[in-house]
Structure formats: C-alpha cells, structure tokens
Amino acid sequence: MSSLQAVPASNPERDSVLEQVRRCVVRYVAGRNPEWADDIAQEVMLLIHVRYPHLEKTHDLLPLGITIARLKIYEFQRRRTRGGAQFAEEFDAVDSNSPSVEEQLIRKSAAERLRHGIRQLGVGCQQLLQMFLEGKKTDGMRGILGLTGSAYYTRLCRCRQRLSLIMGWSA
C-alpha cells in the first residue's frame with residue numbers, strides 16, 4: 001500500500017472560483033510589486049487548498065485570498081529587509097489611500113457578511129458588537145450595558161466566539 005493519500009476528486013465549480021480568485025490575487029499583488037505576483041498567488045492558492053477546502057463560494061474565497069496575499073506581501077517585504085529596516089511605506093500607502101474598485105467590492109462584501117453574521121446573534125451580542133464596531137469607548141459601553149470590567153470582557157469574548165463560529169472562522 002502506498003503512503004500517498006488519494007487526491008480528492010476535482011470540483012469544476014470550485015476550480016472555476018479558485019481560478020477567478022487567483023487572477024484577482026495576481027492583479028492585487030502586481031499593483032504593489034509585479035515581481036512577486038505569481039509567487040504570492042501560488043502560495044495563496046496552496047494555503048486556500050490545504051486549509052480551506054470547505055469554502056467554495058466566491059464571496060468566501062475572494063476576501064480570504066486578498067487578505068492572505070496582503071499578509072504574504074508583508075512577509076516577502078520582511079524577508080527582503082530582514083536587517084531591521086522598516087517596511088516600505090508604499091505598501092501601506094497603496095492600501096489605504098486609493099483602494100481599487102475591486103478592493104472596495106471585497107471590503108463591502110466582507111462587511112456585509114459580518115453584518116449578516118452579527119444579525120444571527122442574540123440581541124445582547126448584537127448591541128455589544130455594534131457599539132464595538134462603531135468605535136465606542138470601553139467605559140461608555142460598560143455604562144450603557146451596566147456591566148463591570150470583567151463582565152464586559154467576558155461577554156465580549158463570548159460574543160466574538162459565537163460570531164466566529166457563525167462566520168466559519170474556527171479551525
């Protein structure tokens with residue numbers, strides 16, 4: 001008996017979505033450093049294939065692929081400047097100052113998925129996470145909810161865990 005594992009059957013729909021994700025990742029990375037585009041896209045696709053075989057929809061895989069690519073860009077930059085130099089400012093400036101239409105759509109899709117996930121939580125968690133996302137101060141939220149410090153952090157942790165399960169972020 002061979003020690004190699006059987007390769008799962010190919011899913012044509014997922015393969016099509018993965019190819020679309022790969023093209024988007026290549027464009028995203030090429031806008032920052034064309035030399036790294038293919039290498040990073042390959043690493044992103046490998047990670048998605050190995051760690052996220054259960055995801056099949058574009059709205060799940062595309063934001064994930066772009067996020068992994070962004071982190072890989074930082075990793076490649078860190079390797080290049082390992083001598084203690086700072087990250088190149090151009091990477092952050094490109095991301096924050098002028099997002100492309102594609103990036104805006106990805107962010108909008110991710111935000112909509114997050115809002116949908118929060119709506120599936122109980123009223124208490126919805127209220128807490130909504131205030132948290134609006135950037136309210138901890139003391140203000142504790143006062144509104146009538147919680148002590150430790151009770152606030154416990155509730156926030158539990159709400160995040162529930163949201164994580166709903167969103168499928170758990171390993």
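Mentor: Let's start with Arg32, which counts as buried because its relative accessible area is 13%; buried means under 20%, exposed means over 50%, and partly exposed is in between, using a 1.4 Å probe and protein chains only. Before going on, keep in mind that this is a predicted model, where local features need pLDDT of at least 70 and side-chain atom pairs count only at pLDDT 80 or more, while totals for chains, interfaces and linings use all residues. Residues are numbered from 1 along each chain as its sequence is written, and side-chain values use heavy atoms, leaving out hydrogens and water.

Arg32 sits in the loop that joins helix 1 (12-30) to helix 2 (37-51). Helices here are DSSP runs of H or I with at least four residues, strands are runs of E with at least two, and both are numbered from the N terminus. A polar atom of the Arg32 side chain lies 2.8 Å from the backbone oxygen of Tyr28.

On the helix 1 side, the residues making the contact include Leu18, Val21, Val25 and Val29, and helix 2 answers with residues including Ile40, Ala41, Val44 and Ile48. Contact means heavy atoms within 4.5 Å.

Several of these residues come back in the largest nonpolar core, which has 25 residues; Val21, Val25, Val29, Ile40, Val44, Ile48 and Leu61 touch the most other members. Such a core is a set of buried Ala, Val, Leu, Ile, Met, Phe, Trp, Tyr and Cys residues joined through side-chain atoms within 4.5 Å. Helix 1, helix 2 and helix 3 (58-80) are the elements that each give two or more residues to this core. In soluble globular proteins, nonpolar side chains tend to be buried together.

Let's follow helix 3 next. Pro63 lies in helix 3 and is buried, because its relative accessible area is 13%. Not counting residues up to four places away in sequence, Pro63 touches Thr58 and Ile106. Its C-alpha is 6.7 Å from that of Ala110, although 47 residues separate Pro63 and Ala110 in sequence. Asp60 is also in helix 3, and at 17% relative accessibility Asp60 counts as buried. The Asp60 side chain makes a polar contact with the side chain of Arg113 at 3.2 Å. A polar contact is a pair of N or O atoms within 3.5 Å; within protein, one must be able to donate a hydrogen and the other to accept it, and residues adjacent in sequence count only if both atoms are side-chain atoms. Leaving out residues up to four places away, Asp60 touches Leu55 and Arg113.

Further along, a second, separate core of 14 residues includes Leu121, Leu145, Cys159 and Met167. Arg162, in helix 8 (residues 149-167), is partly exposed at 45%. Setting aside residues up to four places away, Arg162 touches Leu121 and Cys125. Leu133, in helix 6 (residues 123-134), counts as partly exposed because its relative accessibility is 49%. Leaving aside neighbours within four places, Leu133 contacts Leu114 and Ile118.

Finally, step back to the whole chain. The secondary structure comes to 8 helices and 0 strands. Buried residues make up 32% of the 171 residues. Of the contacts with a separation of 6 or more, 60% join residues 24 or more positions apart.
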